[in-house]
Amino acid sequence: MTSVQRPREIIDRGDLTLRRWRADRDFEPLSRVIGESLDHLRPWLPWVAHHSAATTRAFLAGCDPKWRAGEAYNYAIVADGELVGSCSMYRSGGDTRGMFMGYWLHPAATGRGLATRAAEAMAAEAFTLPGVEYLEIVHDLANTASGAVPRRLGFTEVGRERAIPPGAPSDSGVDVVWRLTRDAGS
């Protein structure tokens, strides 16, 4: 049996920590942060329209099996000891050379560079994994705040595509695709 190399469960950057989500202890804090962030997230994230306690439990329950299988690495973003959001890197589609990255923050945590720092930490960690040649971030064209993150980190815009429904209320219908390659990220 081949073992899967995985990223670190805790990525400590001083006042910013990414830590693996745990179903047994994170339901209450994640539910609180999502609940306080719904109006902020609703325009851009389709899952918010169907958010419930059950979907939060299902997300957390899926984190461990996906982590073990090497399909997705989901992290809590903790700043100055407070849970402020979530970030993930995951495989999608048939190209096993790449991973996708996503992130969201509580509205009180925006404008402080936390999403950029979290994405930077995840990118560095992703490129320690064998076979990961590139990372992609995809966001709606109208979501300029989300698009600022890959721009700051040296990702290259590689395309614009028609968005695949379901979209979020503020979506323009155009996804912007950014890519960072292992060579560019090191």
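Reader: Hi! Let's start with C87: buried or exposed?
Author: C87 is buried, with a relative accessible area of 1%. Buried means under 20% relative accessible area, exposed means over 50%, and partly exposed is in between (1.4 Å probe, protein chains only). One note before we go on: this is a predicted model, where local features need pLDDT of at least 70 and side-chain atom pairs count only at pLDDT 80 or more, while totals for chains, interfaces and linings use all residues. Residues are numbered from 1 along each chain as its sequence is written, and side-chain values use heavy atoms, with hydrogens and water left out.

Reader: Thanks! How many disulfides are there?
Author: The count is zero disulfides, where a disulfide is a pair of cysteine sulfur atoms within 2.5 Å. For C63, the closest cysteine sulfur is in C87, 11 Å away, so the two are too far apart for a bond. C63 is buried as well, at a relative accessible area of 4%.

Reader: Which residues have the most contacts inside the largest nonpolar core?
Author: Those are L18, Y75, I77, C87, M101 and L135, in a core of 34 residues. Such a core is a set of buried Ala, Val, Leu, Ile, Met, Phe, Trp, Tyr and Cys residues joined through side-chain atoms within 4.5 Å.

Reader: And which element gives the most to this core?
Author: Helix α3 does, with eight residues. Other elements that give two or more residues include β2 (16–20), β3 (72–79) and β8. Helices (H or I, at least four residues) and strands (E, at least two) are DSSP runs, numbered from the N terminus.

Reader: What does L18 touch?
Author: Leaving out residues up to four places away in sequence, L18 touches E9, I10, I11, Y75, A76, I77, C87, A118, A121 and M122. Contact here means heavy atoms within 4.5 Å.

Reader: New topic! How many salt bridges does a search of the whole structure find?
Author: Twelve. A salt bridge is a side-chain nitrogen of Lys or Arg within 4 Å of a carboxyl oxygen of Asp or Glu. One of them joins R8 and E125, with the closest N and O atoms 2.8 Å apart. R8 lies in the segment before β1 (10–12) and E125 in helix α3 (residues 114–126), so this pair ties together parts that are 117 residues apart in sequence.

Reader: Nice. Is E125 buried or exposed?
Author: E125 counts as buried, at 5% relative accessibility, whereas R8 is partly exposed at 44%.

Reader: What does R19 pair with?
Author: R19 meets D26 in a salt bridge of 2.9 Å, N to O, and D26 is buried, with a relative accessible area of 2%. There is also a network of salt bridges that links E9, R20, R22 and D64.

Reader: What about E157, which residue is its partner?
Author: R160, with the closest N and O atoms 2.6 Å apart. E157 is partly exposed at 34% relative accessibility, and R160 is partly exposed at 48%.

Reader: Last one: where does D175 lie, and what is its nearest side chain of opposite charge?
Author: D175 lies in strand β8 (residues 174–181). D175 is buried yet has no salt bridge, and the nearest side chain of opposite charge, R162, is 10 Å away. For charges, Lys and Arg count as positive and Asp and Glu as negative, while His and the chain ends are not counted. Beyond residues up to four places away in sequence, D175 touches several residues, including V138, H139, D140 and R160.
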